[in-house]
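Please look at the structure first.

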Amino acid sequence: MTYKNKFGFGCMRLPTTDPDDPTSINQELFNEMVDIYMEKGFNYYDTSYAYHNGVSELAIRKAVVERYPRESFQICDKIPTWALTSKKDNEKFVGEMLERLGIEYFDVLFIHNINGPWYKLAENAESFECIKKMKEDGIAKKIGFSFHDKADLLKEVLEKYGDFLDIVQLELNYLDWEDTSIEAHKCYDLCVEHGLDVYVMEPLKGGVIVNQPEDIQNDFKKFNPDKSIASFAMRFCASLDQVKMVLSGMSKMDDLLDNCDTFENFEVLSESENKFLEEMAEKLRSKLAVPCSECGYCIDACPEMIPIPEYFRIYNSSAIQPESNIYRAYFDKLGNDKVPADDCTYCGTCLDYCTQHIDIPEELEKLCEHFEEGFTPYG
């Protein structure tokens with residue numbers, strides 16, 4: 001596999017016409033992006049039963065399946081683990097996924113988001129045994145799971161099922177690489193130990209890595225004015241030997257073109273670049289109020305439906321730019337338009353579903369205090 005083959009189109013954050021409606025996919029723009037992506041020799045699309053409230057698969061069908069020969073592209077889809085109630089649900093959801101996409105087989109089939117609570121659901125539904133049989137029956141060419149937890153659980157899963165799996169999809173980026181709450185490095189090493197390919201999600205940590213304060217942006221420009229911040233993050237992941245695919249969720253044409261350029265002219269990360277990224281990671285961590293990747297799993301778990309990632313995005317922006325008062329207005333508007341942050345009942349339901357292992361109730365309380373009383377910069 002060449003480095004060029006490592007660039008995958010993540011379809012979790014497709015362009016939309018209404019930012020508050022994930023189902024409002026801008027199909028025309030997505031089609032244009034697909035055409036450029038395919039024309040440049042890339043062909044891997046990653047989706048899920050749940051992405052864009054179920055519309056991501058339909059958008060891929062319109063943009064890719066109905067417009068290109070089946071052998072010219074690869075599709076990865078994911079079984080919604082949280083919705084599994086019995087063994088028969090695996091086949092039910094897979095049937096729906098194939099129908100939505102308009103295909104007869106998956107190039108890659110994953111069990112979606114294995115963590116502590118959802119691993120139990122997958123076990124009860126015998127999902128690992130089911131995807132093994134689906135590979136044997138030709139429904140999937142390769143099988144695996146996406147993972148959002150610590151190394152101890154990954155070790156347990158791989159010791160039980162690793163002998164017949166092909167891939168583990170990990171959250172992996174230079175900001176989380178040595179983070180003890182994510183254990184990305186340890187998880188990567190476990191996959192290497194078991195001989196499994198690693199596919200990377202969140203190489204930009206939901207945009208946190210590219211939406212950096214001005215002083216860090218200036219550091220990147222001084223270090224290399226010809227390369228984007230995103231390109232460093234993508235190259236960090238793709239330079240790892242066991243990484244075979246790096247996904248990027250792209251909602252803008254500029255993001256697509258930048259990523260295409262990175263992989264068309266790929267350069268393995270040098271020792272000096274690695275050292276620079278270590279320094280930038282430490283600097284960025286010191287400025288973030290909360291390390292949220294905006295995956296959104298907490299919202300589905302929250303009985304009050306508090307838009308937690310949106311609040312944390314505003315919180316981080318305010319932490320990075322403490323001199324600006326605009327974020328207080330954004331905070332108030334979000335509470336008026338959706339659900340106030342202080343509606344949190346401290347039930348803790350969200351905690352098991354946070355991919356970053358954030359104490360969400362505590363951080364929501366800090367966030368409310370910050371916007372009511374002012375913010376003292378971290379670090």
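Beyond its neighbours within four places in sequence, S56 is in contact (heavy atoms within 4.5 Å) with C11, L14, I25, T47 and Y51. The model is a predicted one, in which local features need pLDDT of at least 70 and side-chain atom pairs count only at pLDDT 80 or more, while totals for chains, interfaces and linings use all residues. Residues are numbered from 1 along each chain as its sequence is written, and side-chain values use heavy atoms, with hydrogens and water left out.

S56 belongs to helix α2, residues 56-65; helices are DSSP runs of H or I, at least four residues long, numbered from the N terminus. The relative accessible area of S56 is 0%, so the residue is buried (under 20% relative accessible area, with a 1.4 Å probe and protein chains only). One of its contacts, T47, is also joined to S56 by a side-chain polar contact of 2.8 Å. A polar contact is a pair of N or O atoms within 3.5 Å; within protein, one must be able to donate a hydrogen and the other to accept it, and residues adjacent in sequence count only if both atoms are side-chain atoms.

The largest nonpolar core has 102 residues. Such a core is a set of buried Ala, Val, Leu, Ile, Met, Phe, Trp, Tyr and Cys residues joined through side-chain atoms within 4.5 Å. F9, Y45, L109, F128, F145 and L154 touch the most other members. Helix α9 (residues 229-238) contributes the most to this core, with eight residues. Another core, of 26 residues, lies apart from it and includes C302, Y315, A341 and F371.

Turning to the rings, the whole structure holds 32 aromatic pairs, that is, rings of Phe, Tyr and Trp (its six-membered ring) with centres within 6.5 Å. W118 and Y353 form a tilted pair, because their planes are at 50°, with the ring centres 5.0 Å apart; planes under 30 degrees apart count as stacked, over 60 as edge-to-face and the rest as tilted. This pair links distant parts of the chain, 235 residues apart: W118 is in helix α4 (residues 116-124), and Y353 is in the loop between α14 (326-337) and α15 (360-373). W118 is buried at 7% relative accessible area, and Y353 counts as buried at 18%. Elsewhere, ring pairs link Y3, F7, F9, F30, Y37, F42, Y45, F263 and F266 into a cluster.

Note on methods
Buried < 20%, exposed > 50% of the residue type's maximum accessible area, 1.4 Å probe, protein only. Helix = DSSP H or I, 4+ residues; strand = E, 2+ residues; numbered from the N terminus.
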